[in-house]
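Please look through the sequence and the model shown here before reading on. The text below walks through a few of its parts.

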Amino acid sequence: MKIAVEGCMHGELDIVYDTLRKLEEAEGVKIDLLLCCGDFQAVRNENDLQCVNVPQKFRAMNSFWKYYSGEAVAPYPTIFIGGNHEASNYLWELYYGGWAAPNIYFLGFAGVVKFGNIRIGGLSGIYNKYRYHLGHYERPPYNEDTIRSVYHVRHYDVLKLMHLKEPLDIFLSHDWPLGITEYGNWQKLISVKKHFEEEVNNRTLGSKPAAELLNKLKPPYWFSGHLHCKFPAIIQHGKNGPTTKFLALDKCIPGRNFLQVIDIPSNPGPYEIQYDEEWLAITRKFNSVFPLARTRFTMRDEQLDTQEDRQWVRSKLNTRGAKPFDFVQTAPSFNPSNTISKHSTTVCCRNPQTESFLQLLELPYLLDSSNSEGHYLKKSNSEGFGRNESSSQPGNTLDDEDIELPDEDEDALEDDE
């Protein structure tokens, strides 16, 4: 199977797909799948554009809307994760994953799918220690704070991935795992990106949760974007353990290293994206403690038993099949012939794909729960494996992860444009 990997898309789908077509013609090969490591920018219209955290001068529709509207069709099955420059309102509709457009699949805030017999996992967003243990409290319309915090990685989503037991073939993260530079040519890296030198030397460049996942999951391949440069590394897990080939890629700009094609042994096609049984079981198990308030969420470290959920999911998939639910438009598409920009208040939208997915797993729809409700299912307390702690409650003490910092102090590498 030939898999193309792209760094940061930034909405330039036309350019990436055209590049792959030219590569196929020049090399006489067929690309089976495209993976994108974040900053995909699935912007459908002008309202979505206002939900992307970039300076006003960088806001542009680019080309995703063509694939959303049906004017164009993705020529390759495409799987992407979220980064820190996304139409976050649209991705929240598809929190559990789903088709962002025909043949273009969002892996969710965390997720695992199968493509043929290749198992692909991913984690959206970037790490911020001050928001890591909070719930998903952000809802559109976003303010100056929540338009940034909505894409910060949460402990809850990482815990779900840490419960994976079956091996993955590929993992995607937007930011790099912490300490990854020690396994590659970091001297060359800082010669190109001089402002990384202090963080490389201090071992603060990258995401701590991503490093924990790397050490736990040990996939053969790990791909990242975010820092807009190419950086390969090979990680040996233990003296005689497996190895992980890591590769970070650039953003989609001519002359930059934004694309790589790899060969992975696989069963013969045809290939299609399918739900992953183990991941659905984990999703079902964890949904009862889905934290949706701006309070600290903690959970015990022991592994939860998902075997009963696994059997239940297997029965459901045997009856229904494992193909994801069909794509459905939930917002009007951009119309380039309409010269008058129309903005309306962006609100939570219930995506039929997400509704069908939750109905399949017999789970409640929680994504439009108000963050002021401090939503937290009581069932979790009876099961005893999760809890929320409000920093305003008597007896709770603040640590450095509960302290709010000004935006400019949160992530120095968040936007190097």
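The model is predicted: local features need pLDDT of at least 70, side-chain atom pairs count only at pLDDT 80 or more, and totals for chains, interfaces and linings use all residues. Residues are numbered from 1 along each chain as its sequence is written, and side-chain values use heavy atoms, with hydrogens and water left out.

Helices (H or I, at least four residues) and strands (E, at least two) are DSSP runs, numbered from the N terminus. Buried means under 20% relative accessible area, exposed over 50%, and partly exposed in between, with a 1.4 Å probe and protein chains only. Helix H6 (residues 155-162) is largely enclosed by the rest of the structure, because seven of its eight residues are buried. These are His155, Tyr156, Asp157, Val158, Leu159, Lys160 and Leu161. They pack against strands E6 (110-115), E7 (118-123), E8 (170-173) and E14 (296-298), and against helices H9 (208-217) and H10 (277-286), where contact means heavy atoms within 4.5 Å.

Strands pair if DSSP finds at least two bridges between them. E8 runs parallel to E7, joined by four bridges, and Leu123 stands opposite Ser173. E8 also pairs with strand E9 (residues 221-224) in the parallel sense over three bridges, with Phe223 as the bridge partner of Leu172.

Aromatic rings of Phe, Tyr and Trp (its six-membered ring) pair if their centres lie within 6.5 Å; planes under 30 degrees apart count as stacked, over 60 as edge-to-face and the rest as tilted. The count by this rule is 28 pairs. Phe40 and Phe80 are stacked, 3.9 Å centre to centre with 10 degrees between the planes. Phe40 lies in the loop between strand E2 (33-36) and helix H2 (46-49), and Phe80 in strand E3 (residues 78-80), 40 residues apart. Phe40 is buried at 0% relative accessible area, and Phe80 is likewise buried, at 0%.

The rings of Tyr96 and Phe357 have centres 5.5 Å apart and planes at 35 degrees, so this pair is tilted. Tyr96 and Phe357 are 261 residues apart, and both are buried. Both also belong to one aromatic cluster, whose members include Tyr156 and Phe325. The charged end of Arg320 sits over the ring of Phe325, 3.9 Å from its centre; the rule asks for NZ of Lys or CZ of Arg within 6 Å of the ring centre and within 35 degrees of the ring normal.
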